[in-house]
Amino acid sequence: MLALTELGQRLRQERENKGLSLEDLQKLTKIQKRYLLGIEEGNYEVMPGKFYVRAFIKQYCEAIGLDTDAIFEEYKSDIPSTQTEDMPQQLSRVRSRKEIPQHTKGVSKAYDYLPTVLVVAGVVVVGIIIWVIAQNIVSDKNKEQANQEAPNSEVQQSNTQEEMNETTAKNDNSKSEDEQSAADKKEQEKEKAEKEKAAKEKAEKEKAEKEKKDSGKQEYKEVQKTGRSATYALSGTDAFNLEVTSTQADTWLDVKNGKGNAFFSSILKKGETKEFDLTKETEARVNIGYSPGVELKVNGKAVDLPFDSSKQVRQVVTIQYQPAEAQ
């Protein structure tokens, strides 16, 4: 086993103080365990390339809550400089694939299907001939039947006319009833739609009034912002309930009061929510190791993180609380 560098000793000590194993750190950073062990032992030769050494050390520090800039400055002798590596050349194989003439493949496939196409065409032609012959036979039979039934055509025509008149009368009555029923149904649907619209407008109005009323009570505003830390003031309410949810990945979460007493100091799993009743506290400090996908709610209302999580992965939010009754 290699002797630990001063940086490796510092990182391992901080990780163990947080109660994190290398497997836990692997889940947080998405860096393979053997690379994390290589960082702690100063064995940078196991890395996929020198380009990755500084990036992996930076992610390691952010995951356990260390200031990356300070670590890089303090242990710059233990951290190798970034070097540009040659990009592997694999163009020859790509060119050879592009040079394969594609039109020859299409012609070959066309010849393979030619016998099948000819057979299908022959079957279609025979089917058409049979259909034409059948139509001629049916037409001749219809003519013979029409000649035989000619003497009775006048009587049948009279009966048919009477039946048509009766059917027309029935259809007129049925149509009138259907039209009335459709009109009634349309009127009912119109009344129902108007009632639903009125109920929806009333609900939206009540909701807007309630939100306006609630927003007039609670106030959450920024006091100061520096580096990766920001301070907010919570007032106008008699409750201080905090919810923290991680939606994208596991993250390190540390929640303390103003005296440094910890309410939670561990990994917050993906999809997990932690709730804290801080009503009796005057200050709370929330340290987030991996902020992308982390959501904060104060008294049930979502509040934004102070920094863009794509630029500032680790963020520290301090909330100063003053109850409404004390104001």
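Reader: How many helices and strands does the protein chain have?

Author: The model is predicted. The protein chain has 8 helices and 10 strands. Of its 327 residues, 27% count as buried. Among contacts between residues at least 6 apart in sequence, 66% join residues at least 24 apart.

Reader: What describes two packed helices?

Author: Two packed helices are described by the angle between their axes and the distance between the axes. Take helix α2, residues 22-29, and helix α3, residues 33-41. Their axes come within 9 Å and cross at roughly 110 degrees. Angles of 65 to 115 degrees count as roughly perpendicular, so α2 is roughly perpendicular to α3. The crossing of this pair is right-handed.

Reader: Which residues of α2 and α3 meet?

Author: From α2 come L22, E23, L25, Q26 and T29, and from α3 come K33, L36, L37 and E40. Sorted by class, this contact has 4 nonpolar, 2 polar and 3 charged residues.

Reader: At what angle do α3 and α4 pack?

Author: The angle between α3 and α4 is about 90 degrees, and their axes are 11 Å apart. That makes α3 roughly perpendicular to α4. On the α3 side, Y35, L36, I39 and E40 take part; on the α4 side, F56, I57 and Y60. The contact of α3 with α4 has 6 nonpolar residues, no polar residues and 1 charged residue.

Reader: Is the crossing of α1 and α4 left-handed or right-handed?

Author: α1 passes α4 in a left-handed crossing. The axes of α1 and α4 come within 10 Å and cross at roughly 30 degrees. L7, L11, R12 and R15 of α1 meet I57, Y60 and C61 of α4. By class, there are 5 nonpolar, no polar and 2 charged residues in this contact.

Reader: How many residues does α4 have, and what span is expected?

Author: Helix α4, residues 50-63, has 14 residues. From first C-alpha to last, α4 reaches 21 Å, close to the 20 Å expected at 1.5 Å a residue.

Reader: Which residues in α4 are buried, and what covers them?

Author: Buried means under 20% relative accessible area. In α4 this applies to V53, F56, I57, Y60, C61, E62 and A63. The cover over the buried residues of α4 includes α1 (6-17), α2, α3, α5 (68-74) and β4 (251-257).

Reader: Where does a positive phi occur just after α4?

Author: Just after α4, G65 takes a positive phi of about 85 degrees. K30 is not a glycine, yet it has a positive phi of about 65 degrees. K30 is found in the loop between α2 and α3. N299, another residue other than glycine, has a positive phi near 55 degrees. N299 belongs to the loop between β8 (294-298) and β9.

Reader: Where is D304 found?

Author: D304 is found in the loop between β9 (301-303) and β10 (315-321). At 67% relative accessibility, D304 counts as exposed. D304 and V294 are 10 residues apart in sequence, and their C-alpha atoms are 9.7 Å apart in space.

Conventions
Residues numbered from 1 in each chain as written. Predicted model: local features only at pLDDT ≥ 70, side-chain atom pairs only at ≥ 80, totals over all residues. Heavy atoms only, no water. Axes fitted to C-alpha atoms, helices over the stretch in contact; angles between N-to-C directions. Helix = DSSP H or I, 4+ residues; strand = E, 2+ residues; numbered from the N terminus. Parallel < 35°, antiparallel > 145°, perpendicular 65-115°, else oblique. Left-handed = near helix turned anticlockwise from the far one by under 90°. Contact = heavy atoms within 4.5 Å. Nonpolar A, V, L, I, M, F, W, Y, C, P; charged D, E, K, R; others polar. Expected span 1.5 Å × (residues − 1). Buried < 20%, exposed > 50% of the residue type's maximum accessible area, 1.4 Å probe, protein only.
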